[in-house]
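My entries follow the order of looking.

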Amino acid sequence: MSKKPNILILMADQLTPGALAAYGNTVCKTPNIDKLASQGVVFDSAYTNSPLCAPARYVFMSGKLPSRIRGYDNASELPSEVLTFGHYLRHAGYHTILSGKMHFCGADQMHGFEERLTTDIYPADFGWTPDWAQPEVRPSWYHNMGSVIDAGVCVRTNQLDFDEEVVFASRQKLFDLARDDDGRPFCMVVSLTHPHDPYAIPQRYWDRYLHAEIDMPKLAAADVAADPHTLRLRHVSDMDGTPVTDEQIRNARHAYYGAVSFVDDQIGEILDALQQSGQSDDTVILLLADHGDMLGERGLWYKMNFFEGAARVPLIVSAPSRFAAGRVGTSVSLADILPTLVDLAHDGNSPAHPETLDGRSLWPHLTGQDGHDEVIGEYLGEGAIAPLLMIRRGNFKFIHSPVDPDQLYDLRADPLERNNLADDPSQADRVHALRREVAERWDLQTLHSDVLASQQRRRFHYEAQTMGQRKSWDFQPFQDASQKYMRNHIELDTLEAMARFPKVHGHGG
């Protein structure tokens, strides 16, 4: 097709694919996502490259792993020189727009987006910098088990306020795009903060589910041996200091499912606006998340690890006029989104990239050809004390950290990751090859030193910035009221004609 398609990216925060009917869940109710899945290409083995909000999003935006762009944790800056798909698509003639969360830290809050419709829900400063030098110290600002203990029904939350603003602004922008004479295709990212904890949701979403039908975790903490990283996560999120009951676990999962239904409703609102504005047929829709949520599996909550609940993400590409519906079983990742979007903008005939990417385009997967089957992951945030790495290829997942024993799982034979095969004699050659690959891919000693130095700089930076007069990096949306609604510099009939959609001819009543 010669016309460049519009691109609409629907992003949820901490949405594990195991909560969706499209990935086999039999409890959660998501009719809008189900429809996208039935009409689209569903990736059954899609992963985040870093199971933490900001690093995952930086990889999604840039197509590069955290170690290459110094996007180590939730208080890492995304350097302005890093090219994102915003830059690539603007270069290709797109109008790029962000509504909602992207967790940019630092003074640059645009990173290739021409417009931002809302501020972010999270701070843009360095205040959330972890400290690997003091692993015994729990950060006061980080996750604790209050989200699980206090899970249940609410009337309002910070997250509801944010997401409803995001959706309102997104719908309005879709209608504005249909009415203006710009002529460029658009790429709009609508990024919600639900179903991220805390697990609290209004009564009408809680009531969509019978409490007794909420499924419980398949594996309890006692069902598997805890690896050292799991033990550190239990400490950093105070899981050992705050034991939870089965009822609290069920409450948290119930509220999470309600939040997933909330997300589905918001997606429905956006898709309705896309349809009503006449732009559906020309728009490729991507549904994805930054990472998953353990939801009590293995006794763990939230993310920060490479087990399936935290590391896998939903990925659906819906464009029925371009790609036949189907499912893809090979492993892909968020790093693959940038080159895929560039291919979408050029109908699969992208010009050469100006730099080397870590991701690879999903165009072959979308068009029924053989595509790659590999994910490379890095975790460099809270709960770690050294780089934690993942290689996912074929049936196997390998997890390596220089301070911990290796982990190897055959996910086809063992989807719940019960059996660590790293010491199995039958896998010795595989483990040896993977360890050699790790040594070739990473200089782990240098990476470790770089992370520690960055943490030290940023903590000092934040302390200095909080002394005296404070200047915020948080994005401030600007609205020019002189250009809204009825103003005297535009003739009334002209203004009404510009604002009406679909356009009408003449002035009849």
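I worked on a predicted model, where local features need pLDDT of at least 70, side-chain atom pairs count only at pLDDT 80 or more, and totals for chains, interfaces and linings use all residues. Residues are numbered from 1 along each chain as its sequence is written, and side-chain values use heavy atoms, with hydrogens and water left out.

**Sheet.** I found an open sheet of eight strands with mixed pairing, in the order β4-β3-β6-β1-β8-β9-β2-β10. Strands are DSSP runs of E, at least two residues, and helices are runs of H or I, at least four, numbered from the N terminus; two strands pair if DSSP finds at least two bridges between them. The edge strands, each pairing on one side only, are β4 (115–116) and β10 (326–333). β3 (residues 95–100) pairs with β6 in the parallel sense over six bridges. Leucine 98 has valine 189 in β6 as its bridge partner.

**Helix α2.** I checked burial (under 20% relative accessible area, 1.4 Å probe, protein chains only). In α2 (residues 53–62), ten of ten residues are buried, among them Arg57 and Tyr58. Just after α2, glycine 63 takes a positive phi of about 70°.

**Helices α6 and α9.** The axes (lines fitted to C-alpha atoms over the stretch in contact, angles from 0 to 180 degrees between N-to-C directions) of α6 (residues 158–179) and α9 (residues 246–276) come within 8 Å and cross at roughly 10°. I therefore noted α6 as roughly parallel to α9, the term for angles under 35 degrees.

How values were computed:
Parallel < 35°, antiparallel > 145°, perpendicular 65-115°, else oblique. Buried < 20%, exposed > 50% of the residue type's maximum accessible area, 1.4 Å probe, protein only.
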